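Hello,

Here is the model I promised to pass on.

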Amino acid sequence: MSSRKKTLLKVIILGDSGVGKTSLMQQFVNNKFSHQYKATIGADFLTKEMLIEDKNVTIQLWDTAGQERFQSLGVAFYRGADCCVLVYDVTNSKSFENLSSWKDEFLIQANVKNPDNFPFVILGNKIDLEENKRAITTKKALSLCESLGNIPYFETSAKENVNIEVAFDIVARNALQQELENDAEFNEDYSDAINIHINGEQSGCAC
Amino acid sequence: MDEDYDVIVLGTGLTECILSGLLSVEGKKVLHIDRQDHYGGESASLNLTQLYAKFKPSKKPDPKLGRDRDWCVDLIPKFLMSKGELTNILVHTDVTRYIEFKQIFGSYVYRSGRIAKVPANEIEAIKSSLMGIFEKRRMKRFLEFMASYKEEDIQTHQGLDLDQNTMDDVFYKFGLETGTKDFIGHSMALYSNDDYLTKPARESFDRIMLYLQSVARYGRSPYIYPLYGLGELPQGFARLSAIYGGTYMLDTPIDEILYDEAGKFTGVKSGNGVARAPIVIGDPTYFPEKVNKTGQKVIRAMCILDHPIPAAPDVDSLQIIIPQSQVDRKNDIYIAFVGSSHNVCAKGYYLAIVSTIIETDRPHIELEPAMKLLGSTVDVLMGISELYEPKSDGTNDNVFISKSYDASSHFETTTDDVKDIYFRVTGQPLVLKKREPIEEEDR
Ligand SMILES: Nc1nc2c(ncn2[C@@H]2O[C@H](COP(=O)(O)OP(=O)(O)OP(=O)(O)O)[C@@H](O)[C@H]2O)c(=O)[nH]1
Ligand SMILES: [Mg+2]
């Protein structure tokens, strides 16, 4: 969140508890997957450098840290987001039904300037699980994405690393687009934010 | 919620959130509840709808003020000292990664109907309109004394003993005039009355030092301020707590606080759920029968402006202190002024929060000297808060209650309360450690 000068893209990942938000981030950034279910502890945000159309960007993926479990994410969490990823579990229809509430919640809390143009991406996760467990068909998912405003849709598996790179590539592109539009509007606002360091030295010393 | 925890925290004010964060980082299992649907309790920043609902329920905000959520109006006007303890805690816990800060442009003091910048170094002292030519030299000598003072080098003490001499003795030693004492004591040492003059000089010395070092850190003023308002602070610490496993439940009324036969805290009841823990930390509003009124009441006037302060037209943010002696009062009046460059209101607007400790039964009249400095206002919303403190220290009932946020202009008393509660809860003094990098291996 700190410096707006280098291209830093803040992406937040929302969805019901257990759909695989943390797993998707971990797979994308650290190429890791863990089976053992543990409600997310210790996950803050993960960053990854990416090359988007010849531009180096840092993508910062914010995890909900479990505060979403009782609808207790504060407004601060949403500030400055450039893209929002909505995740559901293809074997869990409740998590699918909640997608549009998550989208509404985001738009209310994040106070985005143009709600109709704000980039979302929807991920249907856990497609590695057996076909007979599947609760939501691709067709049904696509039709929801269309009705919510032609939101890009990917079916992913954090476990088998399916479609994660492509999905986050779109996330990053759309976030970059959003960030550039935003920047044009409020350049000066972020110009003199200060950097607090432990020794209190100001940043930017030429020595 | 039907579980056992190590600590239950009630209310998401800044004090509670810092403690919740610190305890979670140490591995305690924390349940943190607020009856309101937003973070911050008494130290929240409100959007326009929330603000009007609380302070002017009969009126709707004027649509020209723009989007509701462009506004973050602090309930408690304070700034962070850039070298203060809250900054220190923010840095050590890495909560700085969730919050962006900007400087406050200036620190001003009121003298004879006008305002002037508080000089914070020798060069500013020489330029200052607050002092005549000879007084400037005396002030310069005082600042040089402050800058060169070393505890272990008695030569630098200039014959003063900070534990024996009073602050008045120190002022006398440098021959400083009453007006100069006033701005040193009130706008640098940040005392809101004159009691400090007759006390040992040590505390005043430390406070002036904190002021000078804080100015030296970023240059313009000793103060920094979070973009989007002070309400970001409790949320930052709440996130810290959540990341270390703290459970958050907003919008959750507490129906009953449970005690055993000996009167010790055992848990809380909300709806059909019961959460148990041996210890509870909370703000005074959750324990009305366990707190006393301090006798002090604070009035705060939140003023919406569409222009900067007339006497400082180029300044986007500032603090003005009106020392009590200047306006024939017992307590200082503070103005905290921030605007859209700190993302607390819509473009083109500013917020001035005027506050003081009430001395008469017509408190809004008491604010008049400050209101005059502001010029025209778009709207003014006023609130009066009674200040509370816990009746006991929590050893008997394991109920640890924070103090109300006082009228001071910074967070030093808040962090004192945090440390004090931390000590009573854990039996250990708070030692800040750099936050460990989060372990990813065993996930
Ligand atoms: N089979 C399969 N399991 C997955 C996949 N992604 C996540 N999981 C499992 O689903 C469980 C929940 O995953 P998390 O990543 O912790 O879910 P979350 O959305 O972060 O949950 P909260 O932190 O509680 O909000 C874990 O046991 C994961 O191992 C996947 O793609 N396939
Ligand atoms: Mg998670």
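Over all chains, a search of the whole structure turns up 30 salt bridges, each being a side-chain nitrogen of Lys or Arg within 4 Å of a carboxyl oxygen of Asp or Glu. One of them is formed by the side chains of A:Asp44 and B:Arg97, at 2.8 Å from N to O. A:Asp44 sits in the loop between α1 (21–30) and β2 (45–52) of chain A, and B:Arg97 in the loop between α3 (85–92) and β6 (101–103) of chain B, so this pair joins two chains. Helices (H or I, at least four residues) and strands (E, at least two) are DSSP runs, numbered from the N terminus.

Please keep in mind that this is a predicted model, in which local features need pLDDT of at least 70 and side-chain atom pairs count only at pLDDT 80 or more, while totals for chains, interfaces and linings use all residues. Residues are numbered from 1 along each chain as its sequence is written, chains are lettered from A and ligands numbered from 1 in the order in which they are written, and side-chain values use heavy atoms, with hydrogens and water left out.

On confidence, the complex has an ipTM of 0.87 and a pTM of 0.93 from the predictor. Chain B averages a pLDDT (the predictor's confidence in each residue, from 0 to 100) of 94, with 98% of the residues scoring at least 70. For chain A the mean pLDDT is 86, and 84% of its residues reach 70 or more. Residues 198–207 of chain A have a pLDDT below 50. Where pLDDT is low, the predicted coordinates should not be read in detail.

Now to the domains of chain B, whose bounds come from an automatic or database domain assignment: domain 1 (3–43 + 231–292 + 388–432), domain 2 (57–105 + 293–387) and domain 3 (121–218). In chain B, 16 residues of domain 2 are in contact (heavy atoms within 4.5 Å) with 14 residues of domain 3. Across the interface of domain 2 of chain B and domain 3 of chain B, the rule finds 0 salt bridges.

Best wishes
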